[in-house]
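I opened this notebook page to record a few things that I wanted to look up in the structure. The sequence and the coordinates come first, and my entries follow.

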Amino acid sequence: MTFDYDLFVIGGGSGGVRAARIASAEGGAKVALAEESRMGGTCVIRGCVPKKLMVFASEYPEMMADAQAYGWDVQAGPLDWPKFRGKLEAELDRLEAAYRNTLKNAGVTIFDHRAVVVDPHRVRLADGQEFSVKHILIATGGRPFVPEFPGSDLAITSNEIFHLQTLPKRALIVGGGYIASEFACILNGLGVEVKQYYRGAQILRGFDDEARGQVANQMAANGISIHCGTAIERLTKVAGGICAIATDGTEAEFDVVLYATGRNPNVAGLGLEALGVKIGRKGEIVVDEWSQTSVPSIYAVGDVTDRINLTPVAIREGHAFADTVFRGVPTKADHELVASAVFTQPELGSIGLSEEAARDAGPVEIYATSFRPMRSLFAGRQDKVLMKLVVCADTRRVLGCHIVGPNAGEMIQLAAIAVKMGATKEDFDRTVAVHPTMSEELVTMRKPVRTF
Ligand code: FAD
């Protein structure tokens with residue numbers, strides 16, 4: 001049987017673009033990709049990239065204050081938000097065009113439409129076109145979710161934060177995950193008065209407790225008012241903005257309320273359930289280790305499968321799928337020991353087991369040191385850095401590494417190579433320090449601070 005396409009990818013984000021490119025350019029497949037919004041997906045258009053540029057923008061006031069402390073005669077004026085936003089939009093346009101070109105150069109046919117699945121070998125576009133296809137890859141990602149409560153329509157999500165016409169004076173961030181915490185820091189750095197409400201006991205659930213505590217303490221010291229154990233009961237529109245009535249009985253007014261309490265997989269209306277594609281409890285597409293769904297011709301990668309919702313993971317899953325199905329190189333995406341960074345101020349870089357998780361797994365030694373780094377100490381700041389290793393007492397393997405401090409994201413990327421290779425504590429110790437750096441502490445911690 002001949003098909004219009006060997007592969008039809010639905011979704012032009014991190015996972016979909018990679019899979020389409022590899023299947024076409026390296027696998028020799030006839031590939032089409034449908035994208036209903038902007039090419040590049042969440043990461044490029046409304047996630048990692050614009051967020052990181054906002055992180056950079058928000059770091060300048062502190063750098064300026066440090067520069068003064070170092071003797072420079074500089075003064076930070078207010079941020080010209082429209083100027084920054086204009087540059088940000090231009091950069092996203094540039095990246096979107098680059099993604100498009102990459103696909104075109106790889107021989108992929110692009111359809112700028114929403115696509116749905118009609119049957120295991122057929123897709124339909126919003127303009128009515130239908131194609132027969134040998135394989136379908138669902139790479140539709142996820143979207144922010146605001147729970148329903150009185151006034152919930154007054155809240156915005158991370159999708160809208162990049163498009164604000166003016167910078168608010170007062171913002172409420174609801175949520176305790178990495179996206180909520182990062183935006184709390186970004187807005188705080190940009191000069192916005194920020195409160196963060198989180199239902200749980202401490203922000204950044206899932207990360208090492210000591211690291212979370214250090215980030216939260218520093219965020220509070222930087223001026224963010226963090227209220228844990230606090231949720232929103234209702235939002236009402238008032239003359240001065242939005243009034244948030246919290247479960248702890250407090251009422252406060254804000255110009256912007258940003259909800260970042262979770263994201264849902266994008267499966268609604270795709271037509272999958274009717275075909276027997278298994279959907280999980282959180283709405284995610286259930287796949288096996290080859291990213292294959294319960295319908296053999298349909299695969300899914302990225303956030304829509306809710307495995308590890310990060311760009312590099314979606315890319316790896318997309319690549320592994322293309323290698324397996326179109327290059328004759330069976331490859332499973334590796335979800336073990338995936339490092340990640342939280343771009344709060346201070347940053348948090350993390351790989352492997354937290355102290356708490358490791359303690360449950362067997363005897364462990366904890367090596368940790370917290371200190372004031374040279375650069376900010378000289379500038380008179382009290383910021384602290386945390387370097388922490390979680391070590392298996394039996395095998396001596398480093399099971400986890402957690403770093404809080406400037407450029408922790410950059411540092412953890414490098415430490416991750418050693419941890420992924422199975423380095424032992426003694427391998428770290430044998431490595432001569434690079435001096436003077438913050439990360440040298442990772443190879444100079446001699447005695448465990450705790451054992452379990
Ligand atoms: P997406 O990139 O979401 O792409 C899915 C695409 O499918 C979208 O473009 C969508 O328009 C399209 N689509 C959906 N349905 C259809 C349809 N029916 N027809 C056609 N097209 C459709 N990850 C990191 O690794 N580091 C970070 O620092 C980071 N920061 C983030 C910050 C924010 C604010 C957010 C929201 C996310 C962040 N992420 C980060 C997560 C990262 O963006 C996602 O994990 C990644 O984009 C997932 O890629 P994907 O291919 O699964 O889906």
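Predicted model: local features only at pLDDT ≥ 70, side-chain atom pairs only at ≥ 80, totals over all residues.

Entry on the helix pair. I looked up how helix 3 (residues 48–69) and helix 4 (residues 81–105) pack, and found an angle of about 145° with the axes 11 Å apart; the crossing of the two is right-handed. On the side of helix 3 the contact is made by Val 49, Pro 50, Leu 53, Met 54 and Ala 57, and helix 4 brings Trp 81, Phe 84, Leu 88, Glu 91, Leu 92 and Leu 95 to it. When I sorted the residues of this contact, I got 10 nonpolar, no polar and 1 charged.

Entry on the second largest pocket. I found about 400 Å³ of space in the second largest pocket, and its lining consists of 18 residues, with Leu 414, Ser 439, Glu 440, Leu 442 and Val 443 lying nearest the centre. Two or more lining residues come from each of helix 12 (408–420) and helix 13 (425–430), and helix 12 gives the most, with 5 residues. The lining of this pocket divides into 10 nonpolar, 4 polar and 4 charged residues.

Entry on Thr 395. I located Thr 395 in the loop between strand 20 (385–392) and strand 21 (398–404).

Conventions
Residues numbered from 1 in each chain as written. Heavy atoms only, no water. Axes fitted to C-alpha atoms, helices over the stretch in contact; angles between N-to-C directions. Helix = DSSP H or I, 4+ residues; strand = E, 2+ residues; numbered from the N terminus. Left-handed = near helix turned anticlockwise from the far one by under 90°. Contact = heavy atoms within 4.5 Å. Nonpolar A, V, L, I, M, F, W, Y, C, P; charged D, E, K, R; others polar. 1 Å grid on protein atoms, 1.4 Å probe; cavity = no way out; pocket = protein on both sides within 12 Å on 5 of 7 lines; lining within 4 Å. Points joined across faces, edges and corners; volume = space filled by probe spheres on them.
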